[in-house]
Amino acid sequence: MQIIYTDVLVIGGGLAGQRAAIGAKRRGHDTIVLSLVPAKRSHSAAAQGGMQASLANCLGGAGDNEDIHFQDTVRGSDWGADQEVVRMFTHAAPKAIRELAAWGVPWSRVERGDHEITVDGEKQTISENEAAHGLITGRNFGGTQKWRACYVSDGTGHAMLYTMSNRAIAEGIPVHERMEAVALIHDEGRCSGAIVRNLMTGEILAYVAKATCIATGGFGRIYRASTNAIINEGMGAAIALETGRATLSNMEAVQFHPTGIFPSGILVTEGCRGDGGLLLDANGHRFMPDYEPKKKELASRDVVSRRMEQHIAAGQGVKSRFGEHLWLDIRLLGREHIDRNLREVKEICQYFLGIDPAKELIPVRPAQHYSMGGVRTNPNGESQGLRGLFAVGEAACWDIHGFNRLGGNSVAETVVAGMIVGESIADFCDSADGSINVSTALVEKFARKQTQQLANFTLASGTENAFDLTRQMQETMTSKVGIFRHGDQLQEAVNTLQNLLLRSRNINLRSATRGPNPELVAAYRLPRMLKLAQCVALGALQRTESRGAHYRDDYPQRNDLEWMQRTLAVWSEAKDELPTLSYEPLSIMRMELPPGWRGYGAKDYIEHPESALRRQEIDRIIATMPDADRHAHQAALMPFLDKLPPHLRPLNQRLSKF
Amino acid sequence: MNNIPLAEEHRMLQIQILRHNPSALLCDSDKGSHLQTFEVEEALGMTLFIALNEIREEQDPSLQFDFVCRAGICGSCGMIINGRPGLACRTLTKDLPDVIVLAPLPGFELIGDLSVNTGKWMRGMSEHLETWVHNQELEEINIDVIEERMEPRLAEQIYELERCIECGCCIAACGTTQMREEFVGAAGLNQIARFRLDPRDKRSDADYYELIGNDAGVFGCMTLLGCEDMCPKNLPLATQIAFLRRRMAMTTG
Amino acid sequence: MNRKLNLWPARLDLLQSLSGLALVVFVWCHMFFESSILLGKDAMLWVTKMFEGEHFFGEPYPLLVSAIAGIIFLLVALHAILALRKFPSSYRQYHRFHLHMNGLHHSDTTLWYLQVITGFLLFFLASTHLYTVLVQPDNIGPYASSDRIWSGRFWIMYALLLLSAHLHAGAGAYRLAMKWGPASLTGSKAARHKLKTAMWCIIGFFLILGAASLATYMKLGYDHRDHIGERYMPSSHQVQQE
């Protein structure tokens with residue numbers, strides 16, 4: 001067996017993984033990126049709409065700053081986020097976007113003078129300032145107070161990913177393509193690389209590394225209706241879970257995007273609504289203002305998705321042979337705007353629906369979109385259960401999204417966290433903890449286990465079909481662990497998944513082809529996906545409240561009193577049928593923004609007494625500093641700068657003032 | 001208006017796939033390269049993505065092909081569809097005849113069946129043409145201050161060329177690359193056009209000439225225009241190549 | 001930065017295009033001159049005399065025609081050598097291109113292959129034609145040419161030459177416009193479509209013009225078959241010359 005030695009092993013070649021790899025490499029550490037597919041085909045490319053960063057350049061973004069971005073993100077998370085990390089994130093986001101601008105991303109720019117925009121179905125004219133001409137512009141997105149989503153037409157993720165990949169190539173970082181990490185090598189709580197399967201040849205090899213970083217994105221494919229790419233099966237999080245050491249957190253926090261094309265689930269960007277698009281029902285009625293008079297179509301994604309499903313349940317959906325859906329109307333934006341700023345949307349409508357969105361309505365229904373949960377990490381990106389293991393991006397629960405992510409915060413997280421985690425990986429490698437003492441015996445032990453498991457599939461006289469079981473899992477997740485959740489159904493889902501996991505040990509392969517055997521791939525990924533699915537289902541069952549995207553119709557209130565907690569899941573023993581859940585409290589008394597009403601969605605929640613106490617305390621602290629600026633106030637409430645690498649600490653310059 | 005077409009139409013499609021598994025050659029009963037026919041009942045809104053997955057799940061689990069985003073944006077699923085390169089995920093079967101012949105993209109290393117190693121080719125192209133912003137000062141950029149300005153129109157023009165998804169269709173559609181493997185193709189030339197347009201890249205025409213001023217570069221293009229006609233993203237490839245040809249022919253060193 | 005760039009690839013590419021362009025212009029002009037026969041024998045003779053310099057120097061210098069033929073011959077040779085670089089150079093390349101073209105059904109690709117074939121034919125056809133003119137520059141005229149075409153059985157070669165030369169020249173002109181702009185400048189499919197339509201119209205026009213001229217020469221040659229070698233005298237000078 002081939003063993004490859006490197007300083008840093010990054011598993012996943014999307015935006016987050018490549019940014020972290022660049023950071024580590026620039027600090028002088030040999031870095032290898034593993035990717036299931038060519039890096040530029042990673043799912044990051046699918047982010048169409050934008051990246052949130054409080055640049056405050058365009059008129060709609062005037063007055064924006066880290067504080068407002070922070071508030072929006074925490075409210076969006078329904079107070080599930082780690083507020084210190086949100087601060088780190090909002091502070092570094094303008095830096096990340098400016099770095100990418102220098103590296104070559106062709107961000108859309110502010111153009112001086114009059115522009116016609118669509119707000120609330122009405123045309124309005126705004127006039128951009130001369131002073132902002134040529135600076136990076138932003139667009140309106142759900143759940144934000146300012147126009148903050150910086151974009152590149154509607155190919156933001158694509159442009160970012162290509163620039164990032166090109167940068168990684170320039171830095172000489174090898175990307176080993178079509179390689180899948182199937183197990184983490186670890187001993188006594190220290191991770192030291194991964195066992196990897198070459199998807200082209202079927203060969204098993206080992207990568208031994210001082211630091212291993214998981215950046216494999218989300219696990220949307222455990223659902224049937226998902227906007228995710230088909231590679232998003234969560235294998236990185238799953239192999240972390242299988243160590244029995246690393247914890248996953250908030251796995252029940254799964255986001256559903258309001259505008260998945262019906263029925264294929266292909267995403268059309270939130271930019272459609274940000275730019276003025278409307279949601280209509282079977283009668284052509286714009287229903288969102290009835291539910292959300294203030295933010296309307298631009299409430300946060302969890303709220304809009306829920307309202308849409310609620311409206312369909314009320315009999316207002318459009319009936320079709322595939323089921324019911326609603327309409328997205330962007331006709332009012334005009335052909336020119338669509339051709340210029342929503343071209344990918346136009347192409348998707350044209351190719352998959354055969355319609356022209358400038359003239360016709362787009363059939364949409366919420367579909368699984370994002371995994372807020374993932375490998376639980378410290379603010380520096382290191383796993384809380386396994387030393388030497390890091391995680392970044394959607395695969396991680398760094399926790400800026402809590403129970404609901406804002407549109408545009410995901411690509412922002414990838415590059416911001418990538419910047420920060422890349423540095424902390426380098427710090428780790430430089431420190432005494434960085435050195436490893438790995439015997440080839442250990443490596444071979446892990447490799448043998450994988451080889452044995454794979455061989456079992458081809459030898460066993462099982463009766464189950466991997467594709468069928470996968471479909472059953474996806475169906476279960478979509479129908480029982482979806483937007484509206486209920487205790488009974490969740491219990492059924494847990495039982496079904498448990499049963500599927502047992503059956504998955506009895507899979508029979510019809511094809512014994514060597515090399516890249518797609519059926520074998522489905523067979524060995526299935527149990528891992530089932531374990532993730534079980535973390536989601538069991539987490540949802542046990543969380544008897546509604547928070548962000550997690551909505552229990554038997555417990556419709558957010559319950560701060562009992563559930564200011566982050567769910568942690570471990571899979572202690574390989575033979576276990578269920579994960580072991582525990583809870584990590586969120587300390588309200590240390591929050592900069594104590595829990596309250598989000599400003600949209602239900603106002604009804606069970607308050608924790610500490611929330612009022614903390615608010616009083618905050619008022620008192622602010623009152624003692626009459627002459628201080630916002631930065632001083634912030635530092636007094638919840639200092640965070642020391643957690644950032646030194647070069648990311650300076651203040652961000654804006655047009656108005658620092 | 002606005003209804004998903006409800007026409008009931010259930011053709012039986014004959015999908016003929018060029019099968020070949022190079023890594024299985026050493027063993028088993030490999031039949032070498034051959035055309036295998038699968039029958040699939042057409043469904044409403046069926047794409048080749050759906051049809052191929054159905055074949056794999058129900059008829060032949062060893063069938064290899066590549067899909068990632070299945071939404072026409074990642075460029076993984078380029079293949080030859082009835083003679084012409086295209087993205088399989090967004091090709092609707094209703095636009096195709098009863099017999100559909102699928103083959104892997106030529107010009108790339110074959111992994112197996114319909115799966116080819118476009119990633120390796122594209123990475124090689126990127127390394128060879130150095131498709132990144134070259135700027136001596138990049139190491140010292142200050143990311144705390146307001147970014148450099150750029151004309152909005154210019155940003156749009158750069159994005160226009162940045163839209164390439166490296167699917168390889170232009171390479172498969174190009175007679176020149178089919179004959180001469182060293183030719184960088186439209187995908188490569190478009191990258192040079194993109195960085196040449198970008199004021200952040202400080203390279204001069206002489207620098208670009210060193211990369212593409214030869215018969216493996218812009219002067220190798222014989223203007224067969226297959227790239228322009230078969231680009232799934234409708235990139236203005238012929239315009240860009242003509243532009244580069246003029247600039248490179250005028251370069252004096 | 002003082003680097004030594006190898007500018008030869010650029011020069012050769014430019015030279016291939018320029019030599020092609022010059023030949024296209026020549027071939028098209030040539031058509032108008034030779035088709036002067038459609039206006040009558042006198043018109044054709046006038047054109048012949050013009051090339052022999054008689055209108056300028058008072059007496060004919062057929063060597064001038066030889067000189068022009070020589071220059072064109074060199075141009076053809078230059079263009080051929082440069083273009084040869086682009087031809088399939090091995091069976092493998094030839095085979096791959098064929099597979100590619102047959103699957104693709106793409107007119108511009110097929111058109112290029114047609115240029116390869118016609119280019120190959122033109123090696124022989126154009127060379128033969130030019131050689132004839134080069135060594136017998138005085139053997140051009142209403143009867144001289146007609147006799148060669150009919151009684152000398154050159155019409156077979158001229159018919160092939162006509163077809164090959166115009167397909168090659170028309171397609172070449174279109175390709176040149178796409179290769180260097182300005183036709184590709186607009187980037188619009190409509191502009192290209194127009195250009196391509198224009199190409200077919202031009203090819204069609206010259207083929208008709210050429211075929212009509214050739215038929216006329218053949219008719220003249222047929223009628224004149226018993227007087228081979230006799231030269232045509234302009235109608236105004238016939239008596240005087242005799």
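## Phe243 of chain B

Phe243(B) is partly exposed, with a relative accessible area of 30%. The model is a predicted one.

Phe243(B) belongs to helix H9 of chain B, which covers residues 237–250. Between Phe243(B) and Ala173(B) there are 70 residues in sequence, and their C-alpha atoms are 20 Å apart in space.

## Which chains touch

Two pairs of chains touch, and the pair with the most contacts is chains A and B. Chains A and C are not joined by any contact. The closest C-alpha atoms of chain A and chain C lie 16 Å apart.

## Interface of chain C and chain B

Chain C gives 36 residues to its contact with chain B, and chain B gives 42 residues. The area buried between the two chains is about 3300 Å². Carbon and sulfur atoms give 53% of that area.

Seven salt bridges are found across the interface of chain C and chain B. One of the salt bridges pairs the side chains of Lys86(C) and Asp215(B), at 3.9 Å from N to O. That distance meets the criterion because the cut-off is within 4 Å. Across the interface of chain C and chain B there are also 21 residue pairs in polar contact, with both residues at pLDDT 80 or more.

On the side of chain C that touches chain B, the elements giving two or more residues are helix H1 (8–34), helix H5 (91–104), H6, H8 and H9 of chain C. H5(C) supplies the largest share, seven residues. By residue class, this side of chain C divides into 15 nonpolar, ten polar and eleven charged residues.

## Helix H7 of chain C

Helix H7 of chain C runs over residues 142–150 and is mostly covered, with eight of its nine residues buried. The buried residues of H7(C) are Pro142(C), Tyr143(C), Ala144(C), Ser145(C), Ser146(C), Asp147(C), Arg148(C) and Ile149(C).

What do the buried residues of H7(C) pack against? The partners are four helices of chain C: helix H2 (41–51), helix H6 (107–135), helix H8 (155–180) and helix H9 (189–223). Among these partners, H6, H8 and H9 of chain C also give residues to the side that touches chain B.

Technical notes
Residues numbered from 1 in each chain as written. Chains lettered and ligands numbered in written order. Heavy atoms only, no water. Buried < 20%, exposed > 50% of the residue type's maximum accessible area, 1.4 Å probe, protein only. Contact = heavy atoms within 4.5 Å. Buried area = accessible area lost by both parts, 1.4 Å probe. Polar contact = N/O pair within 3.5 Å; in protein donor to acceptor, adjacent residues only side chain to side chain. Nonpolar A, V, L, I, M, F, W, Y, C, P; charged D, E, K, R; others polar.
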